[in-house]
Amino acid sequence: MRVLGIESSCDETGVAVYDSEAGLLGHELYTQIKVHAEYGGVVPELASRDHIRKLIPLIDEILKRTDSVGAIDAVAYTSGPGLIGALLVGGCVGRALAYAWGVPAIGVHHMEGHLLAPLLEPNPPAFPFVALLVSGGHTQLVEVKAIGEYRLLGESLDDAAGEAFDKAAKMMDLDYPGGPHIARLAEQGVAGRFKFPRPMTDRPGLDFSFSGLKTFTLNTVTQNAEANGLPDDQTCADIAHAFQEAVVDTLVIKCRRALQECNMNTLVIAGGVSANNRLREKLETALAKINSRVFYARHEFCTDNGAMIAYAGCQRLMVGQTEPLAVTVTPRWPLDQLSHL
Amino acid sequence: MKILALDAATEVCSVAVWDGENVFERRSDIPKSHAQQLLPLVDEVLSAAATDLASIDAIAVTHGPGSFTGIRIGIGIAQGLSYGAKIPAIGVNTLEVMAQGYVNRHPSYNGYLVPALDARMAEVYWGVYRVENGILFEYKAAQVCAPENVTEYCEANLPSCYTALGHGWKVIATPAASVQVDPEWMPRASAIVQVAERQTIAQIETSAIAEPPLEPLYLRNEISWKKRQRIRPPNSL
Ligand SMILES: Nc1ncnc2c1ncn2[C@@H]1O[C@H](COP(=O)(O)OP(=O)(O)OP(=O)(O)O)[C@@H](O)[C@H]1O
Ligand SMILES: [Mg+2]
């Protein structure tokens, strides 16, 4: 089965063609980062305007490039969670395309897309596993028995990890989105100059909280600020380093705890923050000690993309799940409400 | 020439098929559910007209002005159908469709029509159309502005007995008693057909229809979000 995947839940327009026999045939991504950078965050109306302009040209490109014109068996589109106006664009275009082609369509849960993205890699993880979903809007630990069988183990009680990266970056006036910039700057940071807290690691449980870390970062930035309101470049690098270590350590501690509680030895990390090299490195070291392994997607499939939607959609389509002609999007949609395969 | 017409630009939505002789139409006025309604309505109306998508020669959709989300639902569906079934698609003006609908209902009307839609934020989308012997002409192009400016314009430029259409007139000051006001007047897909036919024929003549750009007509482009204040230049660290 050959599936066209469409992702438009936030600020990236992604399309891909996945074939259940041949694997991923190709993907295309248009990122709106430049559009939103001026505002320091995603402006929903501008996101929707860009999606409707870019989607058909991207689809045209991917179908031609993967030699899939006239060969698509089904369409998968992100139907939530995300920005309602942005989701509607992908949903309407995707559903109407499927109708015009006379093929089935399916709405895909964006976080299920992220969660399954590592399965697109060679030597994918086997079920069951624990998943850490760390992105701009989510920080969740999930027990994954099979596709669609998810149990929430813990989540952030306030900011998501990616959001914390973005806010910390903004405090030091780094570009949006801040995660990759903090990560790059942290490489030049001196370890040990600042010591940031590891929130909620001193008590049992698998929930997270990053808002205290955010305040701590702001105080550190303010206390070290010069006349222009910012610390000097080396100090920023040192803060970035301390901040990243704190987030990464917190995530690692909870992941290890989750694996032990579930009695499992496979961890999957997914979502934008799973692209963080320091997180990957520290998880690898920590999990090796408890005979466990961590799996993740290639960098470009950690952040939003069409490939993960094509793949997740294909799994559900292959067991016969489909969507009626009505386009329904769900801006807020807990992962554990998904149906089993 | 068979035309499939879609409208989701306001609180109502509708779909129509013109098969060259008759027009078939399906409407829905359930608010906030256009994305759920539109494609099922397309399917229904194609069956009612005893035809299918492959037999359609052109798709026409109201591309604005109106609700931004509604416009994108209409255009999104139209784009999918158009690209998927290789049918040329064109966008038509919502206000012109409202005016055309009025002419369809009142074939002997001669004079001026002023359709207006509430644009929120104390503004309206509006335009002026002139009807002569059943034919509609654009008199003043669609625009967005404060309700007072509409009143001012109409008083200065139109005869005392024009017809005011649409919910924009719920926020524009009530005009003189000589003006006919119908604030409940809404666009409908059956009227898109005539507008599209005029436009399609014009475009076919200029052969501009091959790769039609189906772009929303927002009219309002400023965004009320605050731009970010930077200390260091972008990409400097
Ligand atoms: N190398 C990195 N290190 C840390 N954070 C990163 C890195 N790369 C990306 N991020 C963060 O990942 C987030 C974007 O990820 P993603 O696109 O998955 O999130 P989203 O789609 O906005 O949110 P969600 O998937 O929860 O709806 C941003 O917050 C960004 O700063
Ligand atoms: Mg995401």
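Predicted model: local features only at pLDDT ≥ 70, side-chain atom pairs only at ≥ 80, totals over all residues.
**Ground rules.** I number residues from 1 along each chain as written, letter chains from A and number ligands from 1 in written order. Local features need pLDDT of at least 70, side-chain atom pairs count only at pLDDT 80 or more, totals for chains, interfaces and linings use all residues, and side-chain values use heavy atoms without hydrogens or water.

**Ligand 1.** I looked up its neighbours, meaning residues with a heavy atom within 4 Å. There are 21 residues, and Ser135(A), Gly137(A), His138(A), Asp166(A) and Asp304(A) come nearest. By class I find seven nonpolar, 12 polar and two charged residues, with Gly counted as polar.

Next I checked polar contacts (N or O pairs within 3.5 Å). A polar side-chain atom of Ser135(A) sits 2.5 Å from a ligand oxygen. For His114(A), also through a polar side-chain atom, I read 3.2 Å to a ligand oxygen. Gly162(A) uses a polar backbone atom, 3.1 Å from an oxygen of ligand 1. Alone, the ligand exposes 650 Å², and the protein buries 88% of that (Shrake-Rupley, 1.4 Å probe).

**Helix α8.** I took helices as DSSP runs of H or I, at least four residues.

I then looked at the ends. Asp232(A) caps the N-terminal end, with a side-chain oxygen 3.0 Å from the backbone nitrogen of Gln234(A). Just after the helix, Asn263(A) has a positive phi of about 60°.

Notes:
Polar contact = N/O pair within 3.5 Å; in protein donor to acceptor, adjacent residues only side chain to side chain. Helix = DSSP H or I, 4+ residues; strand = E, 2+ residues; numbered from the N terminus.
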